[in-house]
There are 2 protein chains.
Amino acid sequence: MLLDELDTPALLIDLDIFERNLERAYAYARRHNLRLRPHTKTHKTPDIASRQLRAGAAGLTVAKVGEAEVMLSSGTADLLVAYPVIGQRKLSRLAAVARQTRVTVALDSALAARQLSDAACEHQATFGVLAEIDVGLGRVGVTPGEELLALVQTIDRLPRLEFQGITFYPGHLKMQGEQTDQALVNLGHTIGECSGLLRRHGLDISIVSGGSTPTLFRSHLVAGLTEIRPGTYVFNDGNTVRCGACAWDDCAATILTTVVSTARPGQMILDGGSKTFSSDRVHAGEPGFGRIVEAPACVFRAMNEEHGYVDVRSAGREFRVGDRVRVIPNHICVAVNLHERMYGVRNGVVEVEWKVEGRGKLQ
Amino acid sequence: MLLDELDTPALLIDLDIFERNLERAYAYARRHNLRLRPHTKTHKTPDIASRQLRAGAAGLTVAKVGEAEVMLSSGTADLLVAYPVIGQRKLSRLAAVARQTRVTVALDSALAARQLSDAACEHQATFGVLAEIDVGLGRVGVTPGEELLALVQTIDRLPRLEFQGITFYPGHLKMQGEQTDQALVNLGHTIGECSGLLRRHGLDISIVSGGSTPTLFRSHLVAGLTEIRPGTYVFNDGNTVRCGACAWDDCAATILTTVVSTARPGQMILDGGSKTFSSDRVHAGEPGFGRIVEAPACVFRAMNEEHGYVDVRSAGREFRVGDRVRVIPNHICVAVNLHERMYGVRNGVVEVEWKVEGRGKLQ
């Protein structure tokens, strides 16, 4: 099928850019001896996960049990659930996954560890476990130090759990330049202190897992890190450009839209809003819900559920009802989750159509 | 199934409140001799649409052709597409719908009217048409006056289109109290001028369609209005409460979540974020991504894709990992669109499970 035959709105993946993004991340990881375990939340599509694995990824990361189930068909031998799994129903399902492939779970409470061990025993499964530490985001994760030690000692005593190491999410370290670099170096010191403390208590660490897309290509500054799990890097998006981690030309995902109204002078209305792009904003105070590829000077100033309001006064060209324009979303992970399908495009031809199988797998 | 057996996150509909919301809207419409053509974008579920029809609705409204296709199974005899439909592929599909039930389209450009007429001729269908006017939102819609006249004259001349009247969206008139009332009265004057102008040119208006949930129960103030098409009223949400159109007790939809981490003092993390609730905020500057039913004094202060950050320092109670709490979302229409299923609950029992069939029907 030709790109021109696709109806709108449609989520397009530029295959050349996508493949380059995969290669670049793996080349970086290999150069710095880091294991690449990409987070699949961005694409939620087993076939794309398979491509990541073929391009050098050593395993996959998911956030939810439903995503883990979906990712089985990627053929991965190694799944990390980077999310505390709470409750018997989910844990039974995860144990079923763990009987098919290696599953590691990140957690931050003794209760989560006990529940995981109970499920492992009941279903004769085994789980790897990473203890999550909070390195400043203030989300999940215990405080490095005595809290971490107590958690790891609990994990270590529980049957059918294999303590493997520590994990953290450094996504808040998005400031550009030297500030970020210094924060990453400091993170290495924290990790060193954690592993030292655990080692003095006879607890070995084999995995130190961190790394987000914003800090992806600076991960080597974190001493002791063994593994990175970026998600967004496969496609990139407006936020990734804005935090300095890629250029606009590295954004593989765009949403093809149609102009449906130009009734108001100086404005065009696109056939996509918060149900197509999500209402994720860029940094507080900055305007814009996406970048218009054909006229980047335009401001995508507002949206409702199905309407995108674009101020075209700086466009340098005219737009008419029926024109098609492509938009780079602010946050591709939430945008993908709104689409049933993605279309892989090269040279104006739709080479592949992907069903977003993990979409809406909230449990 | 018992509510306690449902895993989280899960979208719950309190059936008592839901049924009361349906009855209240129809009673109001009947009292004021207004036709009720509810917008199904809120629930995207044919069975709920059928219940609206049984509860007095005279037809249904949709935003997209894909939603129109899905809503055929509700058994409606009357569908309004309140959105300009542009492009041959969509129009062919809509013509197929129009051969099964009566379809009316709202539009604001001569091009949209010509394309619609072409599709009607090609597929031997007939479309009703409403001319959309802009009453201040600045989204779609021509300016009342000469622009409207020119558009309606175009529609009137085109084959297989039946001009029926005018439509507008007054959703921006959300200010509480007398200001809103005065704006609605003024809207009546605008409508009077529009119909007068068209009548003087021999163009009859039989439908004047407007009305959103925020202004629902003040619609009688708009002289000349014949039809309302509220959407959110079936469930209501935080935004509807905040604009004064309902009380918290009228919110039928809540999202059941589980506390997955309390590692940081004064905070709990829920197993839902922007992929569960959407990132829609309340009015600019006001904090909060949802109301915690069990402890309304808590502040749902931040979210990532799968994490909800709740400040529990004002909760007046303790929360532990594994506790379940319900959240009233800010904007239920975008939240529903993120869920595969909704669960209708009464007295702690799940009476009905709905598949959100129109979810992600973006085209």
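Visitor: Where in chain B is Val222(B) found? Please take me through its surroundings.

Guide: Happy to, and please keep in mind that this is a predicted model. Val222(B) sits in the loop that runs between β8 (207-210) and β9 (227-228) of chain B. Let us begin with how much surrounds this residue. Within 10 Å of Val222(B) there are 28 other C-beta atoms; a residue counts as buried at 20 or more, so Val222(B) is buried.

Now for its partners. Setting aside neighbours within four places in sequence, Val222(B) is in contact with Leu184(B), Leu187(B), Gly188(B), Ile191(B) and Gly210(B). Pro170(B) gives another point of reference: 52 residues separate Pro170(B) and Val222(B) in sequence, while their C-alpha atoms are 11 Å apart in space.

In soluble globular proteins, nonpolar side chains tend to be buried together. In this model, the largest nonpolar core has 228 residues, and Val81(A), Leu116(A), Val81(B) and Leu116(B) have the most contacts inside it. Take Val81(B): beyond residues up to four places away in sequence, Val81(B) touches Val62(B), Ala68(B), Leu94(B), Val103(B), Val105(B) and Ala106(B).

Finally, look at where the two chains meet. Chain B and chain A each bring 49 residues to the contact. On the chain B side, two or more residues come from each of α4 (88-98), α5 (110-122), β10 (253-261) and α9 (332-336). Of these, β10(B) gives the largest share, three residues. Sorted by class, that side of chain B has 18 nonpolar, 17 polar and 14 charged residues.

Technical notes:
Residues are numbered from 1 along each chain as its sequence is written. Chains are lettered from A and ligands numbered from 1 in the order in which they are written. This is a predicted model: local features need pLDDT of at least 70, side-chain atom pairs count only at pLDDT 80 or more; totals for chains, interfaces and linings use all residues. Two residues are in contact if their C-beta atoms, placed from the backbone, lie within 7 Å. Helices (H or I, at least four residues) and strands (E, at least two) are DSSP runs, numbered from the N terminus. Ala, Val, Leu, Ile, Met, Phe, Trp, Tyr, Cys and Pro count as nonpolar, Asp, Glu, Lys and Arg as charged, and the others, Gly among them, as polar. A residue is buried if 20 or more other C-beta atoms lie within 10 Å of its own, exposed if 12 or fewer, and partly exposed in between; C-beta atoms are placed from the backbone. A nonpolar core is a set of buried Ala, Val, Leu, Ile, Met, Phe, Trp, Tyr and Cys residues joined through C-beta atoms within 7 Å.
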